[in-house]
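Subject: Handover of a structure and notes on it

Dear colleague,

Please find below the structure that I am passing on to you. My notes on it follow.

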Amino acid sequence: MEYRKLPHGDEQISVLGIGMGGGLHKASPKEIESVIEKAIDNGINYFDLCASGNQIFEPFGKAIKGQRDKIVCQMHFGAAFNEKGEYAWTRNLEEIKRMTDWEFRALGMDYADMGFLHCVDEISDYQALVSGGVLDYIQELKSQGVVRHIGFSSHTPSVAQHILDTGLIDMMMFSINAAYDYEQGDEYGIGSVSERAALFRRCEKEGVGISVMKPFHGGQLLDAKTSPFKTALTRYQCLQYVLDRPGVLTTVPGVRNMEDLEALLGFSQAPREEKDYSVIATFTAEKIAGNCVYCNHCQPCPMGIQVGLVNKYYDLAKVGDQLAADHYKKLDVKASACVQCGHCDDRCPFGVAQSQRMKEIEEYFGC
């Protein structure tokens, strides 16, 4: 399992997480417990607790008993459940307090690693959470150590940018997949290509981690009949795509049962070829042509340049990310090693003239 460090903390987060909104609540309590235990045993340590049903909490609590220190949890302040235990949401502070107390008891936990403002898709949502005292409540819990980090979930780049302006945020949960990023998705795929890219780059620049929801576009990308591209992608292509976006630390797809978990765990051992998502260049040529998306389809470079990583550091440095510039300068093999052989130009499915771009990067960094 690969782990990525939360920039505003010490937590090491597994790139594969699990969301509780994918139907696991329909499994038996015993299977829920077994799924969570096996996930932890196989290195998954990040869990999103926004569940489709409240039946998930007690077996989840049993599964983590005695190993709470091994996991990192996102708790959503605003996610609620009706009298049937079905998912709902609220902006009422007193109801949120009651729900938070109930969740802690059911889970057997006394703190949340991430305290999230839940589903902030409109500016009015954020304003309601502020005016209603929910943000103050989370900040108070953080001062008490009951919440370790403050975050939020959203589908809207402009709203996310507004919340980031507060300087309070350590983690953002956002909907990312190829359909959304290239304007081929549904009503949750909000924002233009450039708006979404700017948001992700800002998060990386400012040290705000991203946990990804909807990496499979609700399963639609996995089936040619439902994919907006009319061609199916594999689970591993979708996972690698989102993990390559700037700022992303982890993705939290839902699982329904042990079979789904085992399929997810296979990602870590899958060969690079099975994760190669460069086929999306044929779907979205007009949106993506000429832009490096860090897919590394051009690898291996005969000179040992990590082409995707070099491009990512360059793009981030250009928008003011000094840390990315420092990372570039510490690379053993820099853009200056390029001998203009054209190998990467021939292999790039996105039409990027990488050999010319290596010259540009070398000049930019001056080394």
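Which residues of β10 lie on one side of the strand, which lie on the other, and are they buried or exposed? Met171, Met173 and Ser175 are on one side and Met172 and Phe174 on the other, and all are buried, so that both faces are covered. Here, buried means under 20% relative accessible area, exposed over 50%, and partly exposed in between, with a 1.4 Å probe and protein chains only.

Before going further, please note that this is a predicted model, in which local features need pLDDT of at least 70 and side-chain atom pairs count only at pLDDT 80 or more, while totals for chains, interfaces and linings use all residues. Residues are numbered from 1 along each chain as its sequence is written, and side-chain values use heavy atoms, with hydrogens and water left out. Helices (H or I, at least four residues) and strands (E, at least two) are DSSP runs, numbered from the N terminus.

Strand β10 and its neighbours

Strand β10 covers residues 171-175. Strand β9 (residues 147-154) pairs with β10 in the parallel sense over 4 bridges; two strands pair if DSSP finds at least two bridges between them. Between β9 and β10 the chain passes through helix α6 (residues 157-164), and this β-α-β crossover is right-handed, that is, with the strands pointing away from the viewer, the path from the first strand over the helix to the second runs clockwise. Strand β11 (residues 209-213) also runs parallel to β10, joined to it by 5 bridges. Ser154 stands opposite Phe174, and Ser175 stands opposite Met213.

Helix α3

Helix α3 (residues 93-107) has 15 residues, which at 1.5 Å a residue should span 21 Å, and its end C-alpha atoms are 21 Å apart, in agreement. The expected span is 1.5 Å times one less than the number of residues. Among the buried residues of α3 are Leu93, Ile96, Met99 and Phe104. Seen down the axis, the buried residues fall within an arc of 165°, so they line one face of the helix; the arc is that of the directions from the helix axis to the C-beta atoms. On the other side, Arg98 and Arg105 are exposed. Gly108, with a positive phi near 70°, follows α3.

Residue Gln240

Gln240 belongs to helix α9 (residues 235-243) and counts as buried at 19% relative accessibility. Leaving aside residues up to four places away in sequence, Gln240 touches Phe267, Lys275 and Tyr277, where contact means heavy atoms within 4.5 Å.

With kind regards
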